[in-house]
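This report looks at how two protein chains are arranged and at a few places within them. Please keep the structure in view while reading.

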2 protein chains.
Amino acid sequence: MSTSITLKELSKLLGVSISTISKALNDSHEISESTKQRIREMAELHNYQPNKLAVSLKSGKTRTIGVIIPSIQNYFFAQVLFGIEKVIADSDYNIIVSITHESLEKETKAVTTFSNGLVDGIIVALAEETQLARESSHFDTALNLKKPVVMFDRVFKDFPCDKVQVNDYQVVFDAVQQLQARGRKHIILVSTIQNLSVGKSRAKGYADAVSKEVQLEGTPETIDKVLGDYMSKHSVDGIIALDEDASLTALSVTKKLKKSIPEEVAIIGYASEKMAMNLSPTLTTLNQHGGIIGEKTAKILLEKLKIGAKTLTNEAVETTLVSRETF
Amino acid sequence: MSTSITLKELSKLLGVSISTISKALNDSHEISESTKQRIREMAELHNYQPNKLAVSLKSGKTRTIGVIIPSIQNYFFAQVLFGIEKVIADSDYNIIVSITHESLEKETKAVTTFSNGLVDGIIVALAEETQLARESSHFDTALNLKKPVVMFDRVFKDFPCDKVQVNDYQVVFDAVQQLQARGRKHIILVSTIQNLSVGKSRAKGYADAVSKEVQLEGTPETIDKVLGDYMSKHSVDGIIALDEDASLTALSVTKKLKKSIPEEVAIIGYASEKMAMNLSPTLTTLNQHGGIIGEKTAKILLEKLKIGAKTLTNEAVETTLVSRETF
DNA sequence: TTGAAAGCGTTACCAC
DNA sequence: GTGGTAACGCTTTCAA
């Protein structure tokens, strides 16, 4: 590795000690204006940049926060990341992000790498595998190393760290009730996120709101057939779709069966605003406000890093029903 | 900062020198099996993890590559990142990513931060501001610090680094010709990326293929009105839309004007597969194969890092026309 | 087979 | 006002 010119080299060039250079560049009052001037000029000339690694190693502070998300293809995480960046950009911290692709192994590696010198704190949404395996020991490690952890959206309920969550249960419960209030009797649930904590919470909200529950589950690839089979044999007048793939499928299957939307079948789903607005008919969604979640999460971590508070917060961000054409 | 137990502490615990510990943990042949054993056990017990910062500082290698992209909301970059990750995951390198939000300042900061000790090499797609300002000096800095740079998609044509590009000009040129071959006479162009190099190349491909060019430009917010105004006053039977926003607008405006698609107006656009497939009618797109671009880019950098080749490559990845309902 | 010491690039304490 | 030295945690050369 070649790095930019070092203090040592500048020191030789100027015939001044390393410590003087260091102090001058850090604008210490101990150094005279004239020497500061000389040193700055030479540093400028050679485009001196302090070596981040050395500074971090010495100070024990990296001024960097690590963000770990399961996927980047998912609009929700993209939004959250956007919110995080917005807040961090106004601070003197940097961000580095790692994507786990839902893998526990990758997540563990990321947490370990991050914890071991790279970052001062961690923001994370758990990978699917992690939630399935209920494996949280890698976060214990981070905590032991005094790296504050903030989890958002996909969290371990009992893990001792700050959390920013969505009221998934209540939101879906309410949505189903609204469907019922407008006369829907046969409301079914469609999901490809049954393994995620958020998927479970949402499904529970649904289950508690209906008298007879029908939960259709699958992968993004199979859910199409599952739903098609069911709808061609049973009457359905309302669909709650828990994720973007399920929502898209709900729409396409219903259209394929020539059911009118929302007259015969009403649909409430999850999708990015852009997607929802450009579908035909436009999709009524449960908007999670990823940007706000990101901002809150980042603010909490920043606060913790600055004042080192010990109390754990557990914030909730409201989800709102955005009415469009499907309900 | 608190890090995990250090060699020094292990050394005290075991009554062995630091260097012995280091060697043992690195499985050096200099150390006897028995001591290795003892040391490993103790390290295990205390969950020793080498401090990344210290290792990097010492070795001059970070085993990390930095990825700098303009946006994460853009499906194309998400795909590319996916491809990069796929390749890097199979190596012993790590990835850190920084998002510039199209800002030159952020890009400069990212390149500088990355170059100064954090990474061994950089993958980048230029920010819009960077391309507008034609500012490349921050990459000179990176190169001076011996950090190989690979640019993809949005590149500086003349900058001396490896590049992975798309044959933007040719693809749009061909697409227009296909439209013409099927009798379209009034083909217009819609774009919100006129400031980007790729936007310019694509527009040139269009311009060179038609006899009378009509280029409609705007922002994602204004393009709707621009196109609506034009189409209500002029006859149009084919639209080339250069980005997702333009494509969505092309579709919605055409539908709003009650023109049949593709009979009266054919549309070829750019959009994610998921978006294109779920639109009504489904959108015929120019697919850039972001995943493949990402893989190629990552492989080139890895190669450079490993064997330190000096020749510069300039690879092209094919874009393909995916026929759907709009043409 | 083991250990001491130098050095990676900084910062900070303490002399002068 | 300036400079020497130690220290952050690690690897590596050289001696023992």
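## Charged pairs along a helix

A salt bridge is counted when a side-chain nitrogen of Lys or Arg lies within 4 Å of a carboxyl oxygen of Asp or Glu. In this structure, which is a predicted model, the side chains of Lys225(A) and Asp229(A) meet that rule, with 2.7 Å from N to O. Both residues belong to helix α11 of chain A (residues 223-233), where they stand four residues apart, about one turn of the helix. Lys225(A) counts as exposed because its relative accessibility is 55%, whereas Asp229(A), at 32%, counts as partly exposed.

In chain B, a salt bridge joins the side chains of Lys225(B) and Asp229(B), at 2.7 Å from N to O. These two are separated by about one helical turn, because they are four residues apart in helix α11 (residues 223-233) of chain B. Lys225(B) has a relative accessibility of 55% and so counts as exposed, while Asp229(B), with a relative accessible area of 34%, is partly exposed.

## Another helix and a network

Helix α10 of chain B (residues 197-209) holds Asp208(B) and Lys204(B), which are four residues apart, about one turn of the helix. Their side chains meet in a salt bridge of 3.3 Å, N to O. Asp208(B) is partly exposed, with a relative accessible area of 39%, and Lys204(B) is partly exposed too, with a value of 48%.

Salt bridges can also be linked to one another, and in chain A a network of them connects Asp27(A), Glu33(A), Lys36(A) and Arg40(A). Over all chains, a search of the whole structure finds 30 salt bridges. In general terms, side chains of opposite charge can pair when their charged atoms come close.

## How the two copies are related

What rotation superposes chain A on chain B? The rotation is one of 180°, with 0.1 Å of shift along its axis, and the RMSD of the superposition is 0.1 Å. The two copies are therefore related as by a two-fold rotation axis.

Through which surface do the copies meet? Of the interface residues of chain A, 100% are also interface residues in chain B, so the copies meet through the same surface.

## The interface between the chains

In this interface, 51 residues of chain A are in contact with 52 residues of chain B. The area buried between chain A and chain B is about 4,700 Å², and carbon and sulfur atoms give 60% of that area.

Four salt bridges are found across the interface of chain A and chain B, and a salt bridge of 3.1 Å, N to O, joins the side chains of Asp245(A) and Lys274(B). The interface also has 12 residue pairs in polar contact, with both residues of each pair at pLDDT 80 or more. Several elements of chain A each supply at least two residues of the side that touches chain B, among them α4 (52-59), α5 (75-89), β2 (94-99), α12 (244-256) and α13 (273-278). The largest share of this side of chain A, seven residues, comes from α6(A). Sorted by class, the side of chain A that touches chain B has 19 nonpolar, 21 polar and 11 charged residues.

## The two ends of a helix

At the start of α4(A), a side-chain oxygen of Asn51(A) reaches to within 2.7 Å of the backbone nitrogen of Leu53(A). After α4(A) comes Gly60(A), whose phi is positive, near 75°.

Is Thr130(A) buried or exposed? Thr130(A) counts as buried because its relative accessibility is 0%. This residue has its place in helix α7 of chain A (residues 128-133). Leaving aside residues up to four places away in sequence, Thr130(A) touches Leu104(A), Glu107(A), Glu135(A), His138(A) and Phe156(A).

Lys147(B) is found in the loop between α8 (137-144) and β4 (149-152) of chain B. At 3% relative accessibility, Lys147(B) also counts as buried. Between Lys147(B) and Leu118(B) there are 10 Å in space, C-alpha to C-alpha, although these residues are 29 residues apart in sequence.

Terms used
Residues numbered from 1 in each chain as written. Chains lettered and ligands numbered in written order. Predicted model: local features only at pLDDT ≥ 70, side-chain atom pairs only at ≥ 80, totals over all residues. Heavy atoms only, no water. Least-squares fit on C-alpha atoms with pLDDT ≥ 70 in both. Contact = heavy atoms within 4.5 Å. Buried area = accessible area lost by both parts, 1.4 Å probe. Polar contact = N/O pair within 3.5 Å; in protein donor to acceptor, adjacent residues only side chain to side chain. Nonpolar A, V, L, I, M, F, W, Y, C, P; charged D, E, K, R; others polar. Buried < 20%, exposed > 50% of the residue type's maximum accessible area, 1.4 Å probe, protein only.
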